[in-house]
Amino acid sequence: MDSFKRIVGVYLVLVAAVVAIHTVVEPLYYTSTEASPYSPHWSKLNALMVLAIVLGVIFGTLRKRGAGGEGGGASVTREYLEANIQFYGLLFVGILFFWNFFNLHSPGFTAIAKETVSAVWIVIDAALPLLLASIGFSMLRSRE
């Protein structure tokens, strides 16, 4: 399990790096239009991000359970805070991601303006790399 955990950690860090770099570099090579606001590379990255979110939530849940803190008299530790912030942060961004993802593939999924969809993508593309890298690096540092 330890080697699989490290492989997943490397995957999360790589996806985080690719999404962060592409978010910054995309305006340099792609001009958005009303008809095509996003570069075609996002469809490939979205598939990688789906898998990364699912793996991040699974391993985030395991880390959160291992961090303890559920007992009434237990003190709050740094590990407990990190595990909870990473887990709930990824859940928050994951909910936004899948909401936008389903709206992207099923126009009319929700009655929202295109500007709202774009603004939510910006939040996702800025927050997801931070959370994935944080979880990935904690998995790589883990000795369990």
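**Aromatic pairs and helix packing**

Trp121 is buried, with a relative accessible area of 7%, where buried means under 20% relative accessible area, exposed over 50% and partly exposed in between, computed with a 1.4 Å probe on protein chains only. The model is predicted, so that local features need pLDDT of at least 70 and side-chain atom pairs count only at pLDDT 80 or more, while totals for chains, interfaces and linings use all residues. Residues are numbered from 1 along each chain as its sequence is written, and side-chain values use heavy atoms, with hydrogens and water left out.

The structure holds 8 aromatic pairs, a pair being rings of Phe, Tyr and Trp (its six-membered ring) whose centres lie within 6.5 Å, with planes under 30 degrees apart counted as stacked, over 60 as edge-to-face and the rest as tilted. The rings of Phe97 and Phe101 are stacked, because their centres are 5.5 Å apart and their planes stand at 15 degrees. Both Phe97 and Phe101 are buried. The rings of Phe97 and Trp121, with centres 5.6 Å apart and planes at 80 degrees, are therefore edge-to-face. This pair links distant parts of the chain, since Phe97 lies in helix H3 and Trp121, 24 residues apart from it, in helix H4 (residues 114–141); helices (H or I, at least four residues) are DSSP runs, as are strands (E, at least two), numbered from the N terminus. Ring pairs join Phe97, Phe98, Phe101, Phe102 and Trp121 into a cluster.
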